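Dear colleague,

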Amino acid sequence: MAERSGWNKNLGMERLVYTHRPTSPLQPISISRAVAAYIHFFWAGLAKQNQTGAFFPSQRFLIEKMISPIPPGYSGQIVELGAGTGALTVRLARRCPEARILACEINPTLAADSRHNLMQAGLAGRARIVTDPAEQLLSKMARNGLEKPDFILSGIPLGHFCHQRTTALLDAISHTIRKGGMYIQFQYSLIDRRRIKASFSSLRTVPVLLNLPPAVVYYARKRAGY
Ligand SMILES: C[S@@+](CC[C@H](N)C(=O)[O-])C[C@H]1O[C@@H](n2cnc3c(N)ncnc32)[C@H](O)[C@@H]1O
């Protein structure tokens with residue numbers, strides 16, 4: 001059984017050392033932090049499937065579809081719910097250098113991986129990752145009268161939530177987003193399509209087959225006038 005011993009300064013920030021207990025016949029091994037982040041995600045998928053909703057971070061085509069409606073020159077607020085290891089956050093921060101990105105991730109290990117991946121990409125100053133549940137972040141934003149975002153992106157596994165929790169989260173998202181703003185959510189089934197449609201004034205659903213697993217992206221628009 002491996003025991004995490006922390007950063008090995010001699011190897012620099014990219015290397016994470018897993019040191020085996022002295023009784024183990026195995027020698028200490030080191031693996032790259034990127035591989036460690038994949039393992040963390042996979043493990044979270046195994047151990048907390050209802051919370052993680054997947055075994056792998058989103059891949060290129062899905063990420064592109066998620067961020068494509070956001071203009072590269074957008075300079076307002078973007079909120080991301082369920083950042084995982086930051087696969088989407090990093091691409092978003094690179095695409096929109098002037099945007100203020102606030103992301104939340106409930107799993108502290110994955111949140112730390114997100115921060116690290118942003119730092120590795122030289123984008124640490126462009127996005128803030130908080131280890132809050134999405135519901136808490138949205139209610140804090142409402143309570144403190146924070147700027148309303150034009151875009152809320154989410155990979156939260158709604159399909160694993162109970163009906164009440166999904167409805168409450170969709171209400172909070174719809175309440176938090178600016179009039180005319182867009183909620184962009186991916187999901188691996190169409191299970192919540194009807195509920196999302198009922199909470200927003202328009203909905204477009206786009207399949208993304210080139211992802212493991214294949215997904216759909218919902219583009220839900222809040223009416224400009226209410
Ligand atoms: C399907 S993964 C998507 C991760 C990442 N966005 C990606 O595309 O690779 C869903 C993520 O949402 C996180 N999550 C689940 N429920 C959450 C909640 N209530 N608040 C914040 N994050 C949550 C999980 O820990 C997981 O990392």
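In what follows, Ala, Val, Leu, Ile, Met, Phe, Trp, Tyr, Cys and Pro count as nonpolar, Asp, Glu, Lys and Arg as charged, and the others, Gly among them, as polar. Please keep in mind throughout that this is a predicted model.

With those classes in hand, the shell around the ligand has 13 nonpolar, eight polar and two charged residues. In total 23 residues surround the ligand, and the closest are Pro-57, Ser-58, Gly-82, Gly-84 and Gly-155. The elements that contribute two or more residues to this shell are α2 (49–52), α4 (87–95) and α6 (134–143).

As for the protein as a whole, there are eight helices and 10 strands, and buried residues account for 38% of its 226 residues. Among contacts between residues at least 6 apart in sequence, 64% join residues at least 24 apart.

Three helix pairs deserve a description. Helix α1 (residues 33–47) packs with helix α5 (residues 108–120) at an angle of about 150°, their axes being 10 Å apart, which means that α1 is roughly antiparallel to α5. The crossing in which α1 passes α5 is left-handed. On the α1 side the contact is made by Arg-33, Ala-37, His-40, Phe-41 and Ala-44, and on the α5 side by Thr-109, Leu-110, Asp-113, His-116 and Asn-117; by class, this contact of α1 with α5 has four nonpolar, four polar and two charged residues.

The axes of helix α3 (residues 60–67) and α4 come within 10 Å and cross at roughly 50°, so that α3 is oblique to α4. The crossing of α3 and α4 is right-handed. Here Ile-63, Met-66 and Ile-67 in α3 meet Ala-87, Leu-88, Arg-91, Leu-92 and Arg-95 in α4, and the residues of this contact divide into six nonpolar, no polar and two charged.

From α6 the contact takes Ala-134, Glu-135, Leu-138, Ser-139, Met-141 and Ala-142, and from α7 it takes Ala-168, Leu-169, Ala-172, Ile-173, His-175 and Thr-176. By class, the contact of α6 with α7 has eight nonpolar, three polar and one charged residues.

Pro-133 sits in the loop between β6 (127–130) and α6, and because 17 other C-beta atoms lie within 10 Å, Pro-133 is partly exposed. Pro-133 and Ile-106, although 27 residues apart in sequence, are 4.9 Å apart in space, C-alpha to C-alpha. Gly-125 is placed in the loop between α5 and β6, and Gly-125 counts as exposed because it has 9 C-beta neighbours inside 10 Å. The C-alpha atoms of Gly-125 and Ala-93 are separated by 9.2 Å, the two residues being 32 residues apart along the chain.

Lastly, most peptide bonds are trans, whereas a cis peptide bond joins Leu-212 and Pro-213, with omega about -5°. Pro-213 lies in the loop between β9 (202–208) and β10 (215–221).

Notes: Residues numbered from 1 in each chain as written. Predicted model: local features only at pLDDT ≥ 70, side-chain atom pairs only at ≥ 80, totals over all residues. Near = placed C-beta within 6 Å. Helix = DSSP H or I, 4+ residues; strand = E, 2+ residues; numbered from the N terminus. Axes fitted to C-alpha atoms, helices over the stretch in contact; angles between N-to-C directions. Parallel < 35°, antiparallel > 145°, perpendicular 65-115°, else oblique. Left-handed = near helix turned anticlockwise from the far one by under 90°. Contact = placed C-beta atoms within 7 Å. Buried ≥ 20, exposed ≤ 12 C-beta atoms within 10 Å, placed from the backbone.
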